[in-house]
Amino acid sequence: MQAAATILHADLDAFYASVEQMLNPALRGRPIAVGGGVVLAASYEAKAFGVRGAMPGREARRLCPELIFVPGHFDAYRRLGDAALRILDDYTPLVERISIDEAFADLAGTTHLFGPPAAVAEAVRRRVRDEVGLPISIGVARTKHLAKIGSQVAKPDGLCVIEPARELQFLHALPVELMWGVGPATRARLAGLGVTTIGQLAATPGQSLEKLLGSAASEKLRALAFNTDPRAIEVGRRARSAGAQAALGRRPATAQVIRPTLRLLADRICSRLRARQLAGRTVTVRVRFADLRAVTHAVTLEAPVSATGIVTEIAEELVHQVLGAHPQEAVVSLLAISVSHLGSQNGLQLELPLGLAGEARRPGSRAGASRWRADSAMDAIRQRFGWNAIGYGSVVLEGPGSVPDGFRALAEKEL
DNA sequence: TCTGGGGTCCTAGGACCC
DNA sequence: TCTGGGGTCCTAGGACCC
């Protein structure tokens, strides 16, 4: 017996841009972009001109001369995204929030209360429109993946219900790039086999696919193509890593640039970790050179860390190792730090990891304790007066390419 | 006109242990 | 002495997503 279509995927349409158009009626029906130096989001009217997220502002203006840039109301995005997607909670406890503007819900256990999933989806769409003022598209299907494809097909402002009896017929006519996990590289590889539709993918022998994409990816794609995606809704997923990055334009690879940048990045990461009583064992840095080639370097410690000073020093040493291995590179265009292997941090961290290349990492007491006190003091001040009340100067990061703090905060996943 | 920021997952190879 | 196999952890890089 076939299960019914009870998974719902809800996706707010052109979310940031729709919020701006809701808040300011003069922007409705017009091509707008949130951002300035970089397009963070574009309205449907702007997308019609080819304007896309992550596009340099200048390029966007060239494509669409009437494009209106708006600075962005990031607090409103948070508030309205939550308000819209919390409506799902009224119909099921099984809600998996994917991002600020997207969520899955499983209605299997609550159809006796609220009726068929298609009716719930209509009710949710109506309520999001009436109570929040925003358009939202919804896909309903038997699996997460198909529901997600449904919401994409339904856009803008639509509903797409895929009943089990016609799911393969529906799916197989669509292009492969609508599948989760098929980006430009995979699409090009598949095209090399003559595969451009999901139906053609389904007809391709598993072995050829595996040779082309590896075992995990080909398994996943076949599960999607035959709609046997086994994933269940996961409530309350937490991040497995925390990171920060800064695009630098073109900067000399000197300590004067690298040290303050790494300190700022470590500060962002570590204050988030400490707020959750978390710490991480693995520190990874990423260095991007002038030609945009990037190199990563990582180290896994015996004990987890969350002190800003310690993470800064580790990152600095890793970056120096990268630069030492690439002596011809004199310019950096991006620095990033990520902390992973997260675990709960019990009590005071006394470790002082020095000498990553193999020297013993000894517990260092005095320096560790004073750093802990410095971090605690800073955390306390920020808790009272806000993040910007105190901190490490961000002078190095100012420039047209950088992105507002509010936008960064929205991208952070719950730790 | 050279491309933001925060994440996830997978692969391949090497080290190390049993 | 040689040979083999399996499992785990780590690192670097790639692809992808919002």
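This is a chat about a predicted model of a protein chain with DNA strands B and C.

Student: Before we start, how are the residues and chains labelled?
Tutor: Residues count from 1 along each chain as its sequence is written, while chains are lettered from A and ligands numbered from 1 in the order in which they are written. The model is predicted, so local features need pLDDT of at least 70 and side-chain atom pairs count only at pLDDT 80 or more, whereas totals for chains, interfaces and linings use all residues.

Student: OK, how many residues surround DNA strand B?
Tutor: 28, with Ala 54, Ala 216, Arg 240, Ala 247 and Ala 411 the closest. Near here is a C-beta atom, placed from the backbone, within 6 Å of the strand.

Student: Is Ala 54 buried or exposed?
Tutor: Exposed, because Ala 54 has 9 C-beta neighbours inside 10 Å. The cut-offs, with C-beta atoms placed from the backbone, are 20 or more other C-beta atoms within 10 Å for buried, 12 or fewer for exposed, and partly exposed in between.

Student: Where's the cis peptide bond?
Tutor: From Lys 155 to Pro 156, with omega near -5°. Pro 156 is in the loop between α7 (144-154) and β8 (159-161). Asp 157 lies in the loop between α7 and β8 too, and has a positive phi near 55°.

Student: New topic: at what angle do α1 and α4 cross?
Tutor: Roughly 100°, with the axes of α1 (residues 15-23) and α4 (residues 74-86) coming within 10 Å. So α1 is roughly perpendicular to α4, a label for angles of 65 to 115 degrees. Axes are lines fitted to C-alpha atoms over the stretch in contact, and angles run from 0 to 180 degrees between N-to-C directions.

Methods
Helices (H or I, at least four residues) and strands (E, at least two) are DSSP runs, numbered from the N terminus. Angles under 35 degrees count as roughly parallel, over 145 as roughly antiparallel, 65 to 115 as roughly perpendicular and the rest as oblique.
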